[in-house]
Amino acid sequence: MTTGAQTPRYPARPRRSRLRTFLPLGIAAWLVLEIWLLTLVAGASSGLVVLLVLVAGFVLGSVVIKRAGRRAFRKLSEALQQQQSGVMPAASRPNSEGNGLMMLGGLLLMIPGLVSDAVGLLLLLPPVQKAVSRSAERTFERKLREADPGTLGGAFQHARMHQPDGKVVQGEVIRDEPGGPSQEPRPPLTH
């Protein structure tokens, strides 16, 4: 069923972002590098050493994630208690950064591989956490300044107008409220 309006024709497909182009290639190269390094270590020592390294990384990663989760939960409960007692939480967050990076480091430790373990261990160091969080914050603020002004709803409407997702279905919303008069079935819409 159509409304009679023509579907807009676009002259060309939108350009694909660099991230969508190179991310699959980067992941494939990372996996090949991880497997190659594991086979090198297994050839130099033994398969048991590789197994022990992988199990140790998994155990250490799970301990780090558990610790970071407990710390985040403790900070959340302290903030809620302060808010309920009427004390405003402090605006500065001196030790709150790093929980997400600690969890990411633990997750990288849990993923089998030597490169991911090395990056995960680096993310557990406080100077590296501060540098990464500052860099991420600057990048986020720059992207936010570059974004077009408008509301989130406007962005959704803009995306819908330029990327139609299908047919328009006309309908009617009927709200049944408890305690209200019961309504008879309505006839179907005809157009």
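At what angle do helix 1 and helix 2 pack, and how far apart are their axes? In this predicted model, helix 1, which covers residues 18–44, and helix 2, which covers residues 47–84, pack at an angle of about 130 degrees, and their axes lie 7 Å apart. That angle makes helix 1 oblique to helix 2.

**The chain as a whole**

The protein chain has 191 residues, of which 11% count as buried. The chain holds six helices and zero strands, so that its elements, read from the N terminus on, run α-α-α-α-α-α.

**Helix 1 and its two partners**

Where helix 1 meets helix 2, Leu-38, Val-41 and Ala-42 of helix 1 are in contact with Gly-47, Val-50 and Leu-54 of helix 2. Sorted by class, this contact has five nonpolar residues, one polar residue and no charged residues.

Helix 1 also packs with helix 4, here at an angle of about 105 degrees and with the axes 7 Å apart; helix 1 and helix 4 are therefore roughly perpendicular to each other. On the side of helix 1 the residues taking part are Trp-30, Leu-33, Glu-34, Leu-37, Leu-38 and Val-41, and they meet Leu-114, Val-115 and Ser-116 in helix 4. The residues of this contact divide into seven nonpolar, one polar and one charged.

| Helix pair | Angle | Distance between axes |
|---|---|---|
| Helix 1 and helix 2 | about 130 degrees | 7 Å |
| Helix 1 and helix 4 | about 105 degrees | 7 Å |

**Val-41**

Val-41 has its place in helix 1, and the residue is named both in the contact with helix 2 and in the contact with helix 4. When residues up to four places away in sequence are not counted, Val-41 touches Ser-46, Val-50 and Leu-114. Although Val-41 and Leu-114 are 73 residues apart along the chain, their C-alpha atoms are separated by 9.5 Å. Val-41 is partly exposed, with a relative accessible area of 30%.

**Asp-117**

Which residue with the opposite charge on its side chain is nearest to Asp-117? It is Arg-67, and since that side chain is 17 Å away, while a salt bridge would need a side-chain nitrogen of Lys or Arg within 4 Å of a carboxyl oxygen of Asp or Glu, Asp-117 has no salt bridge, yet this residue is buried. Asp-117 is found in helix 4, which spans residues 114–123. Leaving aside its neighbours within four places in sequence, Asp-117 is in contact with Val-53, Leu-108, Leu-109 and Ile-111.

**Met-103**

Met-103 is found in helix 3, made up of residues 99–110. Like Val-41, which is partly exposed, Met-103 is partly exposed, and its relative accessible area is 32%. Not counting residues up to four places away in sequence, Met-103 touches Ile-65, Ala-68 and Gly-69. Met-103 and Val-63 are 40 residues apart in sequence, and the distance between them in space is 9.9 Å, C-alpha to C-alpha.

Technical notes
Residues are numbered from 1 along each chain as its sequence is written. This is a predicted model: local features need pLDDT of at least 70, side-chain atom pairs count only at pLDDT 80 or more; totals for chains, interfaces and linings use all residues. Side-chain values use heavy atoms; hydrogens and water are left out. Axes are lines fitted to C-alpha atoms, for helices over the stretch in contact, and angles run from 0 to 180 degrees between N-to-C directions. Helices (H or I, at least four residues) and strands (E, at least two) are DSSP runs, numbered from the N terminus. Angles under 35 degrees count as roughly parallel, over 145 as roughly antiparallel, 65 to 115 as roughly perpendicular and the rest as oblique. Contact means heavy atoms within 4.5 Å. Ala, Val, Leu, Ile, Met, Phe, Trp, Tyr, Cys and Pro count as nonpolar, Asp, Glu, Lys and Arg as charged, and the others, Gly among them, as polar. Buried means under 20% relative accessible area, exposed over 50%, partly exposed in between (1.4 Å probe, protein chains only). Lys and Arg count as positive and Asp and Glu as negative; His and the chain ends are not counted.
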